[in-house]
Amino acid sequence: VIRCRAAVAWTPGKPLSVEEVEVAPPKAGEVRIKIVATGICHTDDHILKGSLPNVEFPVIPGHEGAGIVESIGQGVTSVKPGDKVIPLCLPQCGECSFCQNPESNCCQKSHFSEPQNLLPDKTSRFSCKGKQIHHFLWVSTFAEYTVVPEYAVAKIDAAAPLDKVCLFGCGFSTGYGAAINTAKVKPGSTCAVFGLGGVGLSVVMGCKAAGASRIIAVDINKDKFAKAKELGATDCVNPRDFKKPIQEVLTEMTGQGVDYSFEAIGHADTMIAALASCNMNTGVCVMVGVLDSEISIDPVLLLTGRTWKGTMLGGWKTRECIPKLVSSYLERKFNSDLLITHTLPFAKVNEGFELLRAGKSIRTVLLF
């Protein structure tokens, strides 16, 4: 058993508490990882607010991290101690019908099919003050050491800087893949991206990489426009500058609506606006943000031919594709480092969330 620091959410609505926790050794088919760096994602904030369903408290959040394998359980063959890895909040078991379908990446062992609050044997590897602590999406990267199933671990290049590629565990991969894999943005097309956080800006990077000729970045925080332009946005629009709905503004700017729109916020009204802002016949709207409520739409929006899609982790088959993305990063095919605006010691985790809520950070990386 390893004793180490972790940020525990004891109950919803309270700040995280940095505690000493016990982390049990890995059982058969499991891997224990020393987390080196972890990013703060909006999804973690949803946990703290208590707005994410099926999360059980007390819990160690965090799902965007990178580290080094400390030890392995019986039967583990794909990684060994000392390997650099990214723990995956979307597993790839390789055996279910979704994993075997080349067009699907949503493994049936993911939290949409069964909760990932405990490891597959329905026990936890974390305890604190004599109490069992729940895992989050099996990864719980807000702990110095964490235990995950082997099929939720991607081995990456030994040259990768863990304080930079931790973003590939969620934010960067999700946004970049939403453009490349889910929307399949075509060269010369027009795109609109709603929400310029870490995920939305990664969508901008994906649209640029795919050859979009016009990328319109939409956000009510104009402080994010300079970064959006640096990453490839051609236009930046603040909905508060207009009297009319933003979908009308975008339709007027482009003539008939954009070819592709992306919602990376998670609000019902911006989801509808994103859908309505793409071309009524051939437009594709991709839902990237985690929605905070139910949604009702006018079916005519879809009747004319628009496509409305969702994406999980950017459509990547995680164990296969995340290592390839890291290799592309090392080859300088894109610069995801530009998304990292703050780096803090792990003890300042709550400060990192304050920066996020205040709209002052794109991505804060915590270092152990």
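Guide: UniProt positions are given in the numbering used here, feature names are shortened, and annotations may be inferred rather than shown by experiment. This is a predicted model, in which local features need pLDDT of at least 70 and side-chain atom pairs count only at pLDDT 80 or more, while totals for chains, interfaces and linings use all residues. Residues are numbered from 1 along each chain as its sequence is written, and side-chain values use heavy atoms, with hydrogens and water left out.

Visitor: Which residues does UniProt list for "domain: Enoyl reductase (ER)"?

Guide: The unreviewed UniProt entry lists residues 13-366 under that name. Helices (H or I, at least four residues) and strands (E, at least two) are DSSP runs, numbered from the N terminus, and on that basis the span is 26% helix and 22% strand, with its end C-alpha atoms 21 Å apart.

Visitor: How should I read the strand order of the open sheet?

Guide: Strands of a sheet pair through backbone hydrogen bonds, either parallel or antiparallel. Two strands are called paired if DSSP finds at least two bridges between them. Here six strands form an open sheet in the order β12-β11-β10-β13-β14-β15, with parallel pairing, and the edge strands, β12 (235-237) and β15 (307-310), each pair on one side only. From one strand to the next the twist averages 20 degrees. Strand β14 (residues 284-287) is joined to β15 by four bridges in the parallel sense, and V284 has T307 as its bridge partner in β15.

Visitor: Which strands does helix α8 lie across?

Guide: Axes are lines fitted to C-alpha atoms, for helices over the stretch in contact (heavy atoms within 4.5 Å), and angles run from 0 to 180 degrees between N-to-C directions. Helix α8 (residues 268-277) lies across β10, β13 (260-263), β14 and β15, and runs at about 175 degrees to β13.

Visitor: Is S277 buried or exposed?

Guide: Buried means under 20% relative accessible area, exposed over 50%, and partly exposed in between (1.4 Å probe, protein chains only). S277, which lies in helix α8, is buried because its relative accessible area is 0%. Leaving aside residues up to four places away in sequence, S277 touches several residues, including F194, Q247 and L250. The side chain of S277 also reaches the backbone oxygen of A274 at 2.9 Å.

Visitor: Where is S361 placed?

Guide: S361 is in the loop between α11 (349-357) and β17 (363-367), and counts as buried because its relative accessible area is 4%.

Definitions and conventions
Polar contact = N/O pair within 3.5 Å; in protein donor to acceptor, adjacent residues only side chain to side chain.
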